[in-house]
Amino acid sequence: MVLLSMRTGGEALPLRRGGGVLGDALRGRRRQVILKVLAGHLLVLPYLLAPAHNVMCASLMEAMATTYTFFNHAGGVGKTSMTRDFGYELAQLGHRVLLVDFDPQGNLTSFLGAGKWDLKPESTLLAALLEDDLGRVAERLPPALQVHGMDLYPATIDLAIAEAQLIAKLGRERRLSNLLSQVQDRYDYILIDSPPSLGTLTINALVAADAVIAPVATRFKAIDGLPGLTRMVNELKWVSPQLRFAAFVPTMFDQRNRHDTDVLEIIREQLQPLAPVLPPVRYRSADHNDASMDGKPVAVYKPGSEAAADIRTVVADFLNLEARA
């Protein structure tokens, strides 16, 4: 993360994209002159926040989103509900959030109450993914759905068509990345829910990311698959050299079980050298399952629950890590 500063009346203030003074400026105040980050080069120009203040500062010409893919090739680790609830908490904190359901099962779409069975194929990213004319990609993007204060590109089973057809396409690993570059200036965060598999769609989801957030269940089966998880991300650095793990999130945690506490300790020991391990999210089937069935984030369905409190803690810790990066 690039940390900048601005001066107003001689006082230096820290600036961070999407938060603090700069975040308020980007969301609500008049921009006249700007800063652009392009291919690792920083261009600094004057910036006037408002006529009432003599302010010279640096900002972003296009407040480019940070993209995180939630990925674990093992199913049943709470990946989709984590994507939903993580995004909702970011939105509650004032960030502009786009969720991308990139799993043909469409669970994220269902978990947000978007009615995947009523959606047509053109509501998904299918047409844009398969478009060969780069000049027409933007027009093939569907309008995002608005759900619980976030935008959503939904998924239906029709997205599975892309899995087969992308194999014969040029630039197949970067199709999603190219699509999202069309809308990056509209958001602070883009969160992708990837399929729990190792196919072409998953590769696209990972290559499109700045970093990976990996939910890991506190179960022995889950940690047994960790070598495969880390190996795939490392191999994809041939396609996307900057790809890395941003954090691991222990999920499905039940502090009453010795097995869970033992596995949590193993997760911390094995994964902390790769990326920060965030606080565990406690699992209560009544809260998580009922919230998903009702098509709501858990903090909307049951605001006072342990699950909602855990998500708030996880997101707060993650944002602190971002700020120090």
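By class, the second largest pocket is lined by 9 nonpolar, 11 polar and 4 charged residues. The model is predicted.

**The pocket.** The second largest pocket holds about 440 Å³ of space. Its lining counts 24 residues. Nearest the centre lie Val 77, Gly 78, Lys 79, Thr 80 and Ser 81. Helix 2 (79-92), helix 3 (107-111) and helix 12 (285-293) are the elements that each give two or more residues to this lining. Helix 2 gives the most, with 5 residues.

**Glu 322.** This residue sits in helix 14, which spans residues 306-324. Is Glu 322 buried or exposed? Glu 322 has 9% relative accessibility, under the 20% cut-off, so Glu 322 counts as buried. The side chain of Glu 322 makes a polar contact of 2.4 Å with the side chain of Tyr 189.

**Arg 174.** Arg 174 belongs to the loop between helix 6 (160-165) and helix 7 (175-180). Its relative accessible area is 36%, so Arg 174 is partly exposed. Which residues does Arg 174 contact, leaving aside neighbours within four places in sequence? They are Asn 204, Val 207, Val 239 and Ser 240. Val 239 is 65 residues away from Arg 174 along the chain, yet their C-alpha atoms are separated by 8.7 Å. A polar atom of the Arg 174 side chain lies 2.3 Å from the backbone oxygen of Val 239.

| Residue and part | Partner and part | Distance |
|---|---|---|
| Glu 322, side chain | Tyr 189, side chain | 2.4 Å |

Definitions and conventions:
Residues numbered from 1 in each chain as written. Predicted model: local features only at pLDDT ≥ 70, side-chain atom pairs only at ≥ 80, totals over all residues. Heavy atoms only, no water. 1 Å grid on protein atoms, 1.4 Å probe; cavity = no way out; pocket = protein on both sides within 12 Å on 5 of 7 lines; lining within 4 Å. Points joined across faces, edges and corners; volume = space filled by probe spheres on them. Helix = DSSP H or I, 4+ residues; strand = E, 2+ residues; numbered from the N terminus. Nonpolar A, V, L, I, M, F, W, Y, C, P; charged D, E, K, R; others polar. Buried < 20%, exposed > 50% of the residue type's maximum accessible area, 1.4 Å probe, protein only. Polar contact = N/O pair within 3.5 Å; in protein donor to acceptor, adjacent residues only side chain to side chain. Contact = heavy atoms within 4.5 Å.
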